[in-house]
Amino acid sequence: MADFSALRSYLDNCATRGVGSKDNERVPVPPMRDGVGWHEFCLGFDEAQGNIGGYFEDATSKDDEGSSNIEYGQKSPTSEKNTSINNTPGWKLNLPERGNIPSVALLLQMDQVMTRRVLAHQIRWIEEDWNMTNARGSWIYALLARLSKPLHREDAAMLRRLLKKLCRLRNAVEQDIVSVVNVLIVIVGRYFEQAPYDELFKTKNS
């Protein structure tokens, strides 16, 4: 957990220096409630295709507070809010084939409301049995590094659900993903205090 704690400290230091602030260029992102958009934004179209319906029925809802939809490199504050001439959302322009990586600048432009919302999307996807991949694990790890302590009651319940799902996944994923799952289990269980050490390993064989 030393590496995880060091990452949290590093992010705090970068935030203090203004990284991710509104004074800097920011990456355009989907509306917070747009689960379809965030799936594609984080992991790319191939991973996210076919996700319409059910949990994503609120995808066209308006932004919650704290969402950042500022076109990267855009200088005029009076622009069409990240929409190109052909009405393609700004976050889709030049979207990497496999989605965006959770860079320091991107993480720090997210406030806690957005961090919790995007983490909730990630948890819901694995609860709905989307494959755990290195990319998905990286996003969950990065969002956990941005999640403030002490936890809100709702956040604690959300992490407890994540922990239970990860413990079930541990014996079901490919061998090269086991380490990813184990790291997340330790972070959620120990760092965020959602399970005692012995419970983590009792759950392993259940």
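In what order do the elements of the chain run from the N terminus on? They run α-α-α-α-α-α-α-α-α. The chain has nine helices and zero strands. Helices (H or I, at least four residues) and strands (E, at least two) are DSSP runs, numbered from the N terminus. The model is predicted: local features need pLDDT of at least 70, side-chain atom pairs count only at pLDDT 80 or more, and totals for chains, interfaces and linings use all residues. Residues are numbered from 1 along each chain as its sequence is written, and side-chain values use heavy atoms, without hydrogens and water.

Of the 206 residues of the chain, 43% count as buried. Buried means under 20% relative accessible area, exposed means over 50%, and partly exposed lies in between (1.4 Å probe, protein chains only). The accessible surface of the chain comes to about 11400 Å². Carbon and sulfur atoms account for 49% of that surface. These areas come from the Shrake-Rupley method with a 1.4 Å probe; for residues, only the protein chains shown count as cover. Contact means heavy atoms within 4.5 Å. Among contacts between residues at least 6 apart in sequence, 77% join residues at least 24 apart.

Helix α2 covers residues 35–43. Two of its packing partners are described here. Two packed helices are described by the angle between their axes and the distance between the axes. Axes are lines fitted to C-alpha atoms, for helices over the stretch in contact, and angles run from 0 to 180 degrees between N-to-C directions. Helix α2 packs against α6 at about 105°, with the axes 10 Å apart. The two helices are therefore roughly perpendicular. By angle, under 35 degrees counts as roughly parallel, over 145 as roughly antiparallel, 65 to 115 as roughly perpendicular and the rest as oblique. H39, F41, C42 and L43 in α2 meet A135, R136 and W139 in α6. The residues of this contact of α2 with α6 divide into five nonpolar, one polar and one charged. Ala, Val, Leu, Ile, Met, Phe, Trp, Tyr, Cys and Pro count as nonpolar, Asp, Glu, Lys and Arg as charged, and the others, Gly among them, as polar.

G35, W38, H39 and C42 in α2 meet M114, V118, H121, Q122 and W125 in α5. The contact of α2 with α5 holds five nonpolar, four polar and no charged residues.

Helix α6 has 13 residues, 134–146. The expected span is 1.5 Å times one less than the number of residues. Buried residues of α6 include W139, I140 and L143.

The loop between α3 and α4 holds L95, N100 and N94. L95 and G44 are 51 residues apart in sequence and 7.7 Å apart in space, C-alpha to C-alpha. N100 is buried, at 17% relative accessible area. Beyond neighbours within four places in sequence, N100 is in contact with F41, C42, L95, L106 and W139.

Most residues other than glycine have a negative phi, and most peptide bonds are trans. N94 has a positive phi of about 60° and is exposed at 77%. The peptide bond from K149 to P150 is cis, with omega near 0°.
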